[in-house]
Amino acid sequence: MAWQRHSSISLQTRIPPTSFQTLALWISLMAVSIGTADCARRSVQLPGSSRDGGVMRPFKYAATSCRAKTASLTDFGGVGDGKTSNTKAFQAAVAHLAQFAGGGGGGMLYVPAGRWLTGPFNLTNSFTLFLHRDAVILATQDMSEWPVIDPLPSYGRGRDHAGGRYSSLIGGSNLTDVIITGDNGTIDGQGAFWWQKFHGGKLKYTRGYLIELLHTDQIFISNLTLLNSPAWNIHPVYSSNIVISGITILAPVRSPNTDGINPDSCSHVRIEDCYIVSGDDCVAIKSGWDEYGIAVGMPSQHIIIRRLTCISPTSAVIALGSEMSGGIQDVRAEDITAIDSESGVRIKTAVGRGAYVKDIFVRGMNLNTMKWVFWMTGSYKSHPDNKYDPNAIPVVKGISYSDVVATDVTQAARLEGISNAPFTGICISNVTVQLAAKAKKQSWTCTDVEGVSKGVSPTPCASLPDQGAGAEPCPFPTDRLPIDDIVFEECSYTS
């Protein structure tokens, strides 16, 4: 069933009013304390549920679809002791609920409180995976349970190694109407096992991700905590109509390639109210790698990012690329908070990528302790092989940044286009950058870029001349994207 529009149930999550300094302290403590240890959890009832004379009343939750049939993982022999493999139980449960797809009203798999060790498993159509708040899905460290699958066509190889890649923990392909949600239950990738092997050069294949859905329409991922992914956390690819809301992602800030949310050749995406501590980009928008991405030719477009909180000392809060060979267009980001991150917005591309990054709009950023506020580079060196086309020159244009406050910054911006193919149409307005005590002497560096500015401090480079007090601020779209009008139903379940 196609998603309906015009939501009457709000999913917007609000945290109590607090100072930026308090938030910075909290997220810094999370960054240094998170590791492979288990999270402490409170044993509390699900919202909307209560016990009356020993009878559990239904609890309620918002979702894009409610399901007609429900089963518990324990119905299929699941054992939540953190030691017993539940791979077959998950697979059997999904296979059973698959019969209710379409006209059957769909199925929901309930994961109760417990620690559910498992290898990779795939989801099905018209399906909800729901985690109790005291449920932890634990990724197994038994590598024999991780199938090796083909590389993505738009990449031509794995990201870590040439050839295949390990399956993602939770996956699926060619699906419609998939929901992964809960009452802030946890999916723990136990990534330290994989990071150690990666650093030691002991892996033959690319690491899997926590969640990867391919060729899927109508994806809703909400109200979960994701811990210690082997690599990327959430990776929708070749997919459309995606809402990712209220997700907490935590990994050590030096863990390799633990990107938060990476829409890849996806259209109509909404990412909101997410809190990410990562060893790589918090959100990275991608669309394929060099000649392989050009051949597939599937852009990422019509993407909303709002109310994102991020910490990533070695990477970007929001990245575009570097794998962008299918094109990236119409990205709208606002109300972004970050501390101790390398760059606020980073555009990464290179000769050989081809395609374009255009119509990018970012406003309302509050940043503290940054290396760069803005970073663009047209010389990102990573290539899948030496077969890329040196005449495939990416086009970067129509980039708009406005209403930004940043403190303790090493350098305001590092903007580096491509010789004879400059990045054009850059607009920066109402930006105040407070440089750190040990900031670089040159607050802006610009090569092969063209644009304008208004009300920016410190003064930008000459290639971004100030247009004066009477100039219009940088644009931000006023039209409403269809992904903002999805209907969320109030669903209920009794355990």
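A residue is called buried when its relative accessible area is under 20%, exposed when over 50%, and partly exposed in between (1.4 Å probe, protein chains only). By this rule Glu323 is buried, with a relative accessible area of 1%. The structure is a predicted model, in which local features need pLDDT of at least 70, side-chain atom pairs count only at pLDDT 80 or more, and totals for chains, interfaces and linings use all residues. Residues are numbered from 1 along each chain as its sequence is written, and side-chain values use heavy atoms, with hydrogens and water left out.

The chain has a mean pLDDT (the predictor's confidence in each residue, from 0 to 100) of 91. Of its residues, 88% reach 70 or more. Residues 6-10 stay under 50.

The model holds 20 salt bridges, each a side-chain nitrogen of Lys or Arg within 4 Å of a carboxyl oxygen of Asp or Glu. Glu323 pairs with Arg159 at 2.7 Å, N to O. Glu323 lies in the loop between strand 23 and strand 24, and Arg159 in the loop between strand 11 and strand 12, so the pair ties together parts 164 residues apart in sequence. Strands are DSSP runs (E, at least two residues), numbered from the N terminus. Arg159 is partly exposed, at 26%.

Glu212 and Arg165 form another salt bridge, at 3.0 Å, N to O. Both residues are buried. A further salt bridge joins Arg480 and Asp485, with the closest N and O atoms 2.5 Å apart. Here Arg480 is exposed at 55%, whereas Asp485 is buried at 14%.

Val317 sits in strand 23. Its relative accessibility is 0%, so Val317 counts as buried.

Technical notes: Contact means heavy atoms within 4.5 Å. Helices (H or I, at least four residues) and strands (E, at least two) are DSSP runs, numbered from the N terminus.
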